[in-house]
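Please take a moment to look at the sequence and the structure before I describe them.

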Amino acid sequence: MERPILYLAITNHGFGHATRTAAVAATIQKLCPEVLLIVVSTAPRWLLESYIEGDFIHRPRGFDVGVVQKDSLTMDKAATLEKLLEIKKNHRSIIASEVNFIRQNRVHFILADIPFLAAEIGKAAGIPCWMMSNFGFDFIYRNWDDTFTEVADWISSCYSKCDRLFRLPFHEPMAAFRNITDVGLTGGSPRYSADEIRSTWRITAPVEKTILLTFGGLGLQQIPYHNLQQFPDWQFITFDKLAPDLPNLVKIGDQKYRPVDLMPICGRVVSKPGFGTFSEATRLDLPIVSVTRDDFAEATFLLEGISNYNKHQILTPSELFDGTWDFLLQPPQQPRFLEPIAKNGNEAIAHEVIKYFDVM
């Protein structure tokens, strides 16, 4: 039997899509070690390796732009539109190049999160393209202004060619897709024991006074770190290399550690709205403190999702950036729903992909 080859196409936007796709890829690899993974992403290899423990081929290519941002909360819409129109202008040559690669490497199947050209590439190559996400970029762009309408319509038409969508929780309707399967939360699981983490990073504060600060791969320049001085007997954890040196701030500089590895020793995570952090924290029942984000349409569904299924505190930007952080002294709100959310997204998607290879 020919070795099954899976082409994983990941959006060019941020790190969250890369980590959640890598978590699914790692599950596929563990359940079916003979599958060859080709990860097509501009995300750095070290990030992918922090989730995928086995071998894979890394093809650094980007087929979309997502949203051009200078940090985790600041968007550049004009630059985003310019790059989108450039992709639209060149889409035939982009597709032709990938089809050539797919045929040369005898790829059998595409799983994408969620670059719109992946579906067109699959159709042109004559292989299935399944996708996974909680939103499409057509939905994001339609929420902006009329200058994005034409390109959003084109993106919707690309998504409509997708053979199957695994719709993740905290989702928008994703109306462009014709064949939708709802699945549970995805993400990584901690690799180290709580004792190992505490010992390695010298964490001595109790869980309720240990706070993870994470704002995604793009970071956030305006985090008011000076507020940490008001909590001298607490410990805060950050992956921000540019954070100041403070006695109660632990900076994680080793790339083999991920935010999810630190979550079990924390009482709360303070974050921007982002599926990866929200999903991994909710899988571990870790309360989330998040800031609202009125300019990003996905945020409404994410904040509603954690309000429904996780303990939470939702702050205004002024409360996070200009306040004294006394929210840490208040208990999180309870989730609206008593019934827990499904947390088996990695396995559900992996089993369906493997099932396809079994009947291929």
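The protein chain has twelve helices and 13 strands; helices (H or I, at least four residues) and strands (E, at least two) are DSSP runs, numbered from the N terminus. This is a predicted model, in which local features need pLDDT of at least 70 and side-chain atom pairs count only at pLDDT 80 or more, while totals for chains, interfaces and linings use all residues. Residues are numbered from 1 along each chain as its sequence is written, and side-chain values use heavy atoms, with hydrogens and water left out.

I begin with the overall form. Along its principal axes, the C-alpha trace of the protein chain spans about 60 × 50 × 40 Å. Of the 360 residues in the protein chain, 58% are buried, where buried means under 20% relative accessible area, exposed over 50%, and partly exposed in between (1.4 Å probe, protein chains only).

Let us turn to strand 5. Five of the five residues of strand 5, residues 129-133, are buried, so the strand is largely enclosed by the rest of the structure. On one side lie Cys129, Met131 and Ser133, and on the other Trp130 and Met132, so that both faces are covered.

Which strands pair with strand 5? Strand 4 (residues 109-113) runs parallel to strand 5 and is joined to it by three bridges; two strands pair if DSSP finds at least two bridges between them. Alanine 112 has methionine 131 as its bridge partner in strand 5. Strand 6 (residues 164-167) also pairs with strand 5 in the parallel sense, over four bridges, and there phenylalanine 166 stands opposite methionine 132.

Next, consider threonine 11, in the loop between strand 1 (5-10) and helix 1 (16-31). Is threonine 11 buried or exposed? Its relative accessibility is 2%, and therefore threonine 11 counts as buried. Its side chain joins that of aspartate 64 in a polar contact of 2.6 Å; such a contact is a pair of N or O atoms within 3.5 Å, and within protein one must be able to donate a hydrogen and the other to accept it, while residues adjacent in sequence count only if both atoms are side-chain atoms. Not counting residues up to four places away in sequence, threonine 11 touches several residues, among them His17, Asp113 and Phe137, contact meaning heavy atoms within 4.5 Å.

Finally, in helix 10 the buried residues include Glu298, Leu302 and Ile306. The buried residues of helix 10 pack against helix 5 (137-142), helix 9 (275-283), strand 12 (288-291) and strand 13 (312-315).
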